[in-house]
Amino acid sequence: MPDRTSTDDNADAIIQTVSVSRYFPQGDVHALRDVSIEVAQRSHVAIVGKSGSGKSTLLNLIGGMDQPTSGEVRFDGQSLSQMNLDHYRSRQVGFVFQRYYLLPNLSAVENVQIPMFESSIAKPERVEKARRLLHQVGLSGREKHLPRQLSGGESQRVAIARALANDPKLILADEPTGALDSESGRAILELLESLQQSHQSSLVVVTHDESIAARASQRIELADGKIEAVIAR
Ligand SMILES: Nc1ncnc2c1ncn2[C@@H]1O[C@H](COP(=O)(O)OP(=O)(O)O)[C@@H](O)[C@H]1O
Ligand SMILES: [Mg+2]
């Protein structure tokens, strides 16, 4: 067993990063250096910092989309390096990106079902669940719309419904309002927050919008790949 101290083994944390660094040989970039953070169960965390400060790199490590050069990411106390990452990404984590990444030839209700295709859930249940999720994000009546028939805010709502399809414990959002006007951006954030609470999951949002960060229970500030400040409310 790795050496564990009371500070690096918090049973209340859904995510812990322990001295995580990420070096990209291409460009000789130290994107993250010795970053240790904790995300409490059912909490809302904001990661802020200038462009290039390492926010997306950190979110990708937490989501199992990339691996650290050194250090460790733990989910529910277990190191991601000892987990099946495909399974982790599809079952435990829901991702929301700035650019939605909806499949253009699939309708809204089909896009929401994508994460469920790998599970054993039968088609009628799958469709029913996708409809229910679209209802929860305020898109009843838009089930058959294709992405090009949806506004930016509506597309992001579909992406959020898709992120929730497998009931993830953790929702990761990388600048989810970055492509939206401020009003639809605020509505998207409110939606993410209310879903985080009703689904009892944890939400980690990368943003450079301070008004968004101010709503989180913990604000983690990155500068040059290092933690500059952690502010808990
Ligand atoms: N795959 C990659 N290969 C090389 N360099 C990268 C890669 N991803 C990110 N970087 C570099 O790492 C730094 C942090 O990037 P990133 O995490 O995307 O910043 P942020 O999301 O805060 O804008 C940047 O200097 C960026 O150019
Ligand atoms: Mg980024």
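Mentor: Happy to. Strands here are DSSP runs of type E with at least two residues, and they are numbered from the N terminus. The model is a predicted one. Most residues other than glycine have a negative phi. Asp224 counts as exposed, because its relative accessibility of 63% is over the 50% cut-off.

Asp76 is partly exposed, with a relative accessible area of 36%.

For a contrast in burial, turn to helix H5 (residues 152–163). The helix has 12 residues and spans 16 Å from its first C-alpha to its last, close to the 16 Å expected at 1.5 Å a residue. Since 10 of those 12 residues are buried, H5 is largely enclosed by the rest of the structure. Among the buried ones are Glu154, Val158, Ile160 and Arg162. Their cover includes strand S6 (93–97) and helices H3 (108–113), H4 (123–136) and H6 (182–198). Helix H6 also holds Glu190, which is partly exposed at 41% relative accessible area. The C-alpha of Glu190 is 30 Å from that of Val18, and the two are 172 residues apart along the chain.

Finally, the ligand site. The residues around ligand 1 include Phe24, Val29, Lys50, Gly54 and Thr57. By class, the shell has seven polar, three nonpolar and two charged residues. Backbone atoms take part in polar contacts here: a polar backbone atom of Gly52 is 2.7 Å from an oxygen of ligand 1, and a backbone N or O of Ser53 lies 3.2 Å from a ligand oxygen. Lys55 uses its side chain instead, with a polar atom 2.9 Å from an oxygen of ligand 1. Taken alone, ligand 1 exposes 570 Å², and the protein buries 63% of that. Strand S2 (29–40) and helix H1 (55–62) are the elements giving two or more residues to this shell, with H1 supplying the largest share, three residues.

Technical notes: Residues numbered from 1 in each chain as written. Chains lettered and ligands numbered in written order. Predicted model: local features only at pLDDT ≥ 70, side-chain atom pairs only at ≥ 80, totals over all residues. Heavy atoms only, no water. Near = heavy atom within 4 Å. Polar contact = N/O pair within 3.5 Å; in protein donor to acceptor, adjacent residues only side chain to side chain. Areas by Shrake-Rupley, 256 points an atom, 1.4 Å probe, with all protein chains shown as cover. Helix = DSSP H or I, 4+ residues; strand = E, 2+ residues; numbered from the N terminus. Nonpolar A, V, L, I, M, F, W, Y, C, P; charged D, E, K, R; others polar. Expected span 1.5 Å × (residues − 1). Buried < 20%, exposed > 50% of the residue type's maximum accessible area, 1.4 Å probe, protein only. Contact = heavy atoms within 4.5 Å.
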